[in-house]
Amino acid sequence: MIDANWNEYEGYVNAGELMEKVKQASQSLQNSAQWAALADHRKTQKKWVLSDLFEENPARFEQFSLKLGNTLYDFSKNLLSEQTLSYLIDLAESAGLKESIDALFSAKHVNTTENRPALHTALRGSMQHPVNVAGEDIILSIAVMREKMRDFSERIRAGLYLGATGKPIITVVNLGVGGSDLGPRMVCEAFKHRASVHVKVLFVSSIDGNEVVATLRDLDPETTLFIVSSKSFSTVDTMANAETAKAWLANHLGPGKKLTKHFIGVSANADAMSEFGIKTENQLPLWDWVGGRYSVWSAIGLSIAISLGMYNFEQFLKGAAEADEHYRNTKFRENIPVIQALIAIWYNNFCDATTRVVLPYDHRMHVLPAFLQQLEMESNGKHVTLTGEQVQCATSPIIWGEFGPNAQHAFYQLLHQGTHFVPAEFIVVANNPAVPEKHQTLAMVNCLAQSRALMLGEAIAKDDSDRDALARHYPGNKPSTTIVLKELTPKSLGSLMACYEHQVYTESVIWNINPFDQWGVELGKKLAGQIQANGNDEKKEQAYDSSTAGLLRFVRIRD
């Protein structure tokens with residue numbers, strides 16, 4: 001492990017000499033010999049047929065499959081060869097990927113536009129030595145935070161955390177949005193069957209009010225606790241829901257009751273939490289070196305600890321830490337996140353695939369596509385390089401997906417016979433003793449059949465004289481990756497999620513962009529604030545475009 005010290009890098013806006021080396025190596029990558037070699041290779045690859053590749057190489061599955069713990073990643077149904085991977089690895093090396101991985105894990109300012117490190121890996125125990133950030137040993141601070149999480153979760157689960165009227169809390173509502181919602185929501189959904197029978201954990205994220213009103217309608221204010229999760233503690237969506245929750249409590253409990261017992265805050269803004277009315281002892285810290293979409297490993301995961309217990313939350317962290325070690329120490333050809341990223345680069349930049357579909361065949365992971373949408377598109381949906389230049393290639397693809405068995409009856413028609421080139425990722429769990437065996441078998445065989453159908457297709461018989469035969473033609477040769485978890489456990493899910501995080505980081509290095517900022521999100525917030533501040537002042541409508549002004553006029557009409 002690296003004993004990193006922030007002070008060594010202070011004053012380097014572009015993250016110091018190492019990051020300068022990385023940027024110089026990658027800024028002209030699209031004009032490099034490695035990029036050109038892949039473009040030429042793509043011309044020959046256009047003739048490849050997946051079924052032929054399997055016939056020519058009976059060992060293709062073994063050659064293009066990798067394991068991490070009890071999870072298998074089968075890359076063999078992708079349109080690639082060993083030569084393809086060799087060219088892609090050359091590209092990664094030319095981009096300075098090894099140096100960038102070292103920078104990520106050693107507290108360097110990889111978040112260049114905000115001049116700070118991205119140390120979500122430290123939250124899961126991947127860094128055992130002291131890591132000093134602004135004079136603070138963050139490893140010690142993380143340990144203190146985790147013990148506070150343990151105290152809250154164990155008291156709530158044991159019925160020892162009491163509300164204002166002395167009744168134990170039996171419902172916890174997480175108020176957050178984006179990374180403060182999707183990460184913990186996904187994990188809690190995945191393990192509902194393991195959740196505490198004494199405490200129900202719910203999630204509210206929507207700004208429009210329907211979700212929070214519907215949720216509160218069935219709750220008892222005397223036994224409900226709210227976790228307000230917001231890094232800045234100023235996110236409009238979250239704070240609007242928090243204010244609604246506060247008013248609901250005051251209305252039902254009366255003005256004389258101590259509402260502070262019904263709120264826990266998770267934020268980097270302690271002053272704002274206090275101003276809202278959350279006592280210091282009910283505040284959990286976040287740090288500016290934790291991005292929202294990487295924050296499930298932090299105190300944002302308190303809802304997970306409450307629902308599943310702190311032991312299972314720590315198993316979740318352990319799985320992620322094992323993925324960190326794999327990513328950091330494994331050579332690229334056997335490195336799962338690197339191979340995931342390189343295949344994505346291959347399709348996105350050389351095969352004109354503008355999208356990728358994620359298809360979990362286990363309903364416990366039905367939130368995973370939404371989580372990955374934010375992770376990848378908010379991270380890598382960028383058009384400017386680290387050196388402030390316009391990117392010269394496509395960056396993040398469009399990520400979408402759905403629970404696989406349902407998706408088969410929705411959009412699989414497009415995957416099989418549509419005109420779009422859509423690489424797919426199938427995710428399935430081999431053993432689930434919690435469901436009847438017939439359901440487990442159906443999920444597995446449908447997952448395997450669909451990936452096989454995409455690959456093989458079905459040709460028209462030569463003697464088929466039916467004029468509609470072409471409509472029944474399945475072209476096949478559609479690539480996919482299949483990920484098989486032996487069992488879905490907090491540890492295996494933590495590993496899976498961390499691998500996706502590292503895939504996204506690897507892609508960003510090759511594209512030479514910053515995956516840790518999200519300036520594009522801020523503009524919409526800014527303009528919404530302007531419109532809200534102008535209220536119903538018709539005189540200020542002239543500052544808007546005619547569409548926005550017309551829409552506002554229509555909204556004001558009450559007949």
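The chain comprises 21 helices and 13 strands in what is a predicted model. Along the principal axes, the C-alpha atoms occupy a box of roughly 80 × 60 × 60 Å. Buried residues make up 53% of the 559 in the chain. When contacts between residues at least 6 apart in sequence are considered, 74% of them join residues at least 24 apart.

The largest nonpolar core contains 117 residues. Within this core, the residues that touch the most other members are Met-149, Val-172, Trp-289, Leu-493 and Met-497. Helix H19, spanning residues 490-511, supplies the largest share of the core, with eleven residues. The surroundings of Val-172 were examined with residues up to four places away in sequence left out. On that basis, Val-172 touches Ile-156, Val-199, Lys-200, Val-201, Leu-202, Leu-225, Ile-227 and Ile-306.

The packing of two helices was also examined. In general, a packed pair of helices is described by the distance between the axes and the angle between them. For helix H5 (residues 82-94) and helix H14 (residues 336-350), the axes come within 10 Å and cross at roughly 100°. This angle falls in the range of 65 to 115 degrees, and H5 and H14 are therefore roughly perpendicular to each other. On the H5 side, the contact is made by Thr-84, Leu-85, Leu-88, Ile-89, Leu-91 and Ala-92. The H14 side contributes Ile-339, Leu-342, Ile-345 and Trp-346. By residue class, the contact of H5 with H14 comprises nine nonpolar residues, one polar residue and no charged residues.

A loop position was considered as well. Thr-385 is located in the loop between helix H15 (368-380) and strand E11 (398-401). The relative accessible area of Thr-385 is 11%, and the cut-off for a buried residue is under 20%; Thr-385 is therefore buried. With neighbours within four places in sequence set aside, the contacts of Thr-385 are with Gln-390, Val-391, Asn-512 and Ile-513.

Terms used
Residues numbered from 1 in each chain as written. Predicted model: local features only at pLDDT ≥ 70, side-chain atom pairs only at ≥ 80, totals over all residues. Heavy atoms only, no water. Core = buried A, V, L, I, M, F, W, Y, C linked by side-chain atoms within 4.5 Å. Buried < 20%, exposed > 50% of the residue type's maximum accessible area, 1.4 Å probe, protein only. Helix = DSSP H or I, 4+ residues; strand = E, 2+ residues; numbered from the N terminus. Contact = heavy atoms within 4.5 Å. Axes fitted to C-alpha atoms, helices over the stretch in contact; angles between N-to-C directions. Parallel < 35°, antiparallel > 145°, perpendicular 65-115°, else oblique. Nonpolar A, V, L, I, M, F, W, Y, C, P; charged D, E, K, R; others polar.
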